[in-house]
Amino acid sequence: MDRDQSIPVIDDQAKVNLYDKTVKRSKSKSTNLFFTMVDKMNEGLAWIAGAAVVLLMLLIVLNAIKRMFSDPFAGTVEVATWLGAISGIFSLGYAQLHKGHVFMDLLINKFPEIVSKSIHTLVNIVSAIFFLVAGWLIFQHGMNMMGSGVVSETLRIPFYPIVQLCSLGFIGIVLAIIKETILIWKE
């Protein structure tokens with residue numbers, strides 16, 4: 001058999017048609033504005049969480065190097081704590097969307113599909129309420145800190161904006177849970 005005959009040739013028009021079908025399929029999947037918004041928001045928060053982890057790493061490494069020659073940076077513990085909170089809370093929604101969390105489905109899989117979906121939905125509703133309340137309470141705590149003029153011990157700067165921004169991470173996970181619950185029933 002000749003080598004040229006064994007390899008299928010795709011002409012330019014076939015490539016365009018294949019591309020058009022792929023784009024149409026991907027557009028139909030992302031037509032829901034809510035799903036797109038949830039994905040983009042949590043992806044943005046995940047990028048911020050990743051940047052916080054990198055900054056945290058740089059802070060700790062530079063502080064360790066500086067300790068060899070002089071005193072450490074003032075406020076390292078405070079800034080490390082803030083960066084850790086941002087990295088943990090801002091990554092919650094992304095982890096929910098990409099199933100990066102623990103889900104105990106050993107027992108749920110034994111039930112009929114409707115019961116399994118109902119239990120999963122109930123767990124998601126309880127989780128969404130929990131995270132919504134947690135986000136609201138954290139935002140309120142930040143407002144109380146702003147009103148009372150609380151500042152950090154070492155650096156003496158107000159850090160209530162960081163506390164209030166952490167509530168965005170909880171909004172992200174609540175929206176991700178709502179999206180997951182909708183998708184459970186679309187299957």
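At roughly what angle do the axes of H3 and H7 cross? They cross at roughly 140° and come within 10 Å. (Axes are lines fitted to C-alpha atoms, for helices over the stretch in contact, and angles run from 0 to 180 degrees between N-to-C directions.)

## The model and its overall fold

Here's the background: this is a predicted model, where local features need pLDDT of at least 70, side-chain atom pairs count only at pLDDT 80 or more, and totals for chains, interfaces and linings use all residues. Residues are numbered from 1 along each chain as its sequence is written, and side-chain values use heavy atoms, with hydrogens and water left out.

The protein has seven helices and zero strands, giving the pattern α-α-α-α-α-α-α along the sequence. (Helices, H or I with at least four residues, and strands, E with at least two, are DSSP runs numbered from the N terminus.) Of the 187 residues, 27% are buried, where buried means under 20% relative accessible area, exposed over 50%, and partly exposed in between, using a 1.4 Å probe and protein chains only. Take the contacts between residues at least 6 apart in sequence: 78% of them join residues at least 24 apart. A contact means heavy atoms within 4.5 Å.

## H3 against H7

Back to that opening pair. With axes crossing at roughly 140°, H3 is oblique to H7. (Under 35 degrees counts as roughly parallel, over 145 as roughly antiparallel, 65 to 115 as roughly perpendicular, and the rest as oblique.) The crossing is left-handed, so the near helix is turned anticlockwise from the far one by less than a right angle; clockwise would be right-handed.

On the H3 side, the residues that meet H7 include Phe34, Phe35 and Leu45. By class, this contact has 14 nonpolar, three polar and three charged residues. (Ala, Val, Leu, Ile, Met, Phe, Trp, Tyr, Cys and Pro count as nonpolar, Asp, Glu, Lys and Arg as charged, and the others, Gly among them, as polar.)

Leucine 45 sits in helix H3 and is buried, with a relative accessible area of 7%. Leaving aside neighbours within four places in sequence, leucine 45 is in contact with Phe90, Leu168, Gly169 and Gly172. The C-alpha atoms of leucine 45 and tyrosine 94 are 7.8 Å apart, although 49 residues separate the two along the chain.

## H4 against H7

Helix H4 (residues 76-90) and helix H7 (residues 160-186) have axes that come within 8 Å and cross at roughly 20°, so the two are roughly parallel. H4 passes H7 in a left-handed crossing. Trp82, Ala85, Ile86, Ile89 and Phe90 of H4 are in this contact, and the H7 side includes Ile162 and Leu165. The contact's residues divide into 10 nonpolar, one polar and no charged.

Buried residues of H4 include Trp82, Ile86, Ile89 and Phe90. Helix H3 (33-69), helix H5 (92-97) and H7 are among what covers the buried residues of H4.

## H6 against H7

The axes of H6 and H7 come within 8 Å and cross at roughly 165°, so these helices are roughly antiparallel. This crossing is left-handed too, and the contact has 19 nonpolar, 11 polar and two charged residues.

Serine 116 lies in helix H6 (residues 113-148). At 18% relative accessibility, serine 116 counts as buried. Not counting residues up to four places away in sequence, serine 116 touches Ile108 and Phe111.
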